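Here is a short tour for someone meeting this structure for the first time. Keep the sequence and the 3D view open while reading.

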Amino acid sequence: MKRIYVPILVSLITFQFSCNPSGNNDRVTELIEAKRAEVAPDKRVALWDLNFENDSLKGETDQIEALEKLFDQLKSEQITFTDAVLRLPDASLGEKTRALVTISVANIRSQPKHSAELATQALMGTPLNVLKESGGWYLVQTPDGYLSWVDRAGIHLMTEQEMQLWYQKPKVVFTSLTGHVWDSKAQKDMVSDLVAGNILNVIEEVGDQLKVSIPDGREGWISTDHVQDWESWIASRSTSPDKLISTAKQMMGAPYLWGGTSIKGVDCSGFTKTIFYLNGQIIPRDASQQIHEGELVDSDQDWEKLQVGDLLFFGEKATKEKKERVVHVAMWIGNGEFIHSRGLVRISSFDPSNPNYDEYELNRYLRTKRIVDVPSEHILSVSQLLSNK
């Protein structure tokens, strides 16, 4: 579901309700942490970076309603403080609080620098919410809620009005695994590379070719047999067993890439995310998030309970000393086999007589969850990606 942010200027207002003894520090910190547990338990999808120091409430957040409720609580307890909190999106962005990805695969990182960990990726035509800028990098939120940084070269900043106009233009989805936009119908010089799931605007159709535009305004040509119009693509999406297996197997041998969510490279959860995206569903980014969706199918290694499309989770089981740790995810494809990205996209089996027997994964198996045809709070239809609702 698309989130709409309204820029709010950072305020530096001191609230004089009473004197503020040093003992209030612990109480304010307690209230901050209580609100964090409520609205931002997962810092990957919600920002609540606040602290109380020298009678000043500092930091930043995109949880504006929760911030106002915190202020009300402080007021009710007559705690004096200075409001130095940055509300996101940052007012310095003006109205440019939306963006579209303009390259085939945008690398989105944990910090605003190329040397930072790759957190996730977003495909061309993906709409983003923009929260702030730092040194040519933008903190953005993807449709699955993930918060990370992207280089300005990979996105086109827009106002909400400009985004709405873009929604209304006719579009196609690139359906081949890889390809190109060419500068002419002769297809000699490349404008951009493409991967499955990229979204392009249509300018005109000439014979068996389309003239298309990339979100940053670049134009070029592409063969009609490599794309499908947005509406028919959405209508044809299905999480049927054959579609899921077909999509997954098309990526066999693709290299493992930490943070990857495209044919150019995938990590384990990026692989399952890509399978479901290309079949019409947006699921959470990480294995430790995906495991909370859907319904429990198995935790006792009873493989007869499993169906194609079920997600298998692996890691370290909880003990008295430590919490459960989810580190890997795979998709069940039937006949005792599952497909996953470990080193490369591969098929493994729990059957000792199978050449693909995977004792390593068997030994760290946790449980299986079903998300196909099961309503789940954080799983969206891809049709909502370009919805203005």
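The report below goes through helix packing, sheets, an aromatic pair and some backbone details. Bear in mind throughout that this is a predicted model.

## The helix pair α1 and α2

Start with helix α1, residues 24-39, and helix α2, residues 64-76. Their axes are 11 Å apart, and the packing angle is about 150°. An angle over 145 degrees counts as roughly antiparallel. α1 and α2 are therefore roughly antiparallel to each other. The crossing of α1 past α2 is right-handed.

Which residues make the contact? From α1 come Arg-27, Val-28, Leu-31, Ile-32, Lys-35 and Val-39. From α2 come Ala-66, Lys-69, Leu-70, Gln-73 and Leu-74. Sorted by class, the contact of α1 with α2 has seven nonpolar residues, one polar residue and three charged residues.

## The seven-stranded sheet

Next comes an open sheet of seven strands. The strand order is β7-β6-β10-β9-β8-β5-β11, and the pairing is antiparallel. β7 (118-123) and β11 (155-158) are the edge strands, each pairing on one side only. From one strand to the next, the twist averages 45°.

Look at the end of the order where β5 meets β11. These two strands pair in the antiparallel sense over four bridges. Within that pairing, Ala-99 stands opposite Leu-157 in β11. Helix α3, residues 160-168, lies across β5, β8 (127-134) and β11. α3 runs at about 40° to β5.

Another open sheet has six strands, in the order β22-β27-β23-β24-β25-β26. Pairing here is antiparallel. Which strands stand at the edges? They are β22 (295-298) and β26 (344-349). Each has a single partner strand, so one side of each is left without a neighbour in the sheet. Neighbouring strands are turned by 35° against each other on average, direction ignored.

Inside this sheet, strand β23 (residues 311-316) pairs with strand β24 (residues 325-334). The sense is antiparallel, and there are six bridges.

Helix α5 (residues 241-250) lies across β24, β25 (337-342) and β26. Helix α6 (residues 268-277) lies across β23, β24, β25 and β26. Relative to β24, α5 runs at about 115°, while α6 runs at about 40°.

α5 and α6 also pack against each other, at an angle of about 130° and with axes 9 Å apart. That makes α5 oblique to α6. Here too the crossing is right-handed, with α5 passing α6. Leu-244, Thr-247 and Ala-248 of α5 meet Phe-271, Ile-275 and Phe-276 of α6. The contact of α5 with α6 holds five nonpolar residues, one polar residue and no charged residues.

| Helix pair | Packing angle | Axis distance |
|---|---|---|
| α1 and α2 | about 150° | 11 Å |
| α5 and α6 | about 130° | 9 Å |

A pair of aromatic rings is described by the distance of the centres and the angle of the planes. The count for this model is 13 aromatic pairs. One of them is formed by Trp-233 and Tyr-277. Their ring centres are 6.2 Å apart, with 50° between the planes, and the pair is tilted. Trp-233 lies in helix α4 (residues 230-235) and Tyr-277 in helix α6, so the pair ties together parts that are 44 residues apart in sequence.

## Two backbone details

The peptide bond from Leu-88 to Pro-89 is cis, and its omega is near 10°. Pro-89 sits in the loop between β4 (81-87) and β5 (98-101).

What is the phi of Gln-187? The value is near 55°, which is positive in a residue other than glycine. Gln-187 belongs to the loop between β13 (178-182) and β14 (190-195).

Definitions and conventions. Residues numbered from 1 in each chain as written. Predicted model: local features only at pLDDT ≥ 70, side-chain atom pairs only at ≥ 80, totals over all residues. Heavy atoms only, no water. Axes fitted to C-alpha atoms, helices over the stretch in contact; angles between N-to-C directions. Parallel < 35°, antiparallel > 145°, perpendicular 65-115°, else oblique. Left-handed = near helix turned anticlockwise from the far one by under 90°. Contact = heavy atoms within 4.5 Å. Nonpolar A, V, L, I, M, F, W, Y, C, P; charged D, E, K, R; others polar. Pairing = 2+ DSSP bridges. Phe/Tyr/Trp six-rings, centres within 6.5 Å; stacked < 30°, edge-to-face > 60°.
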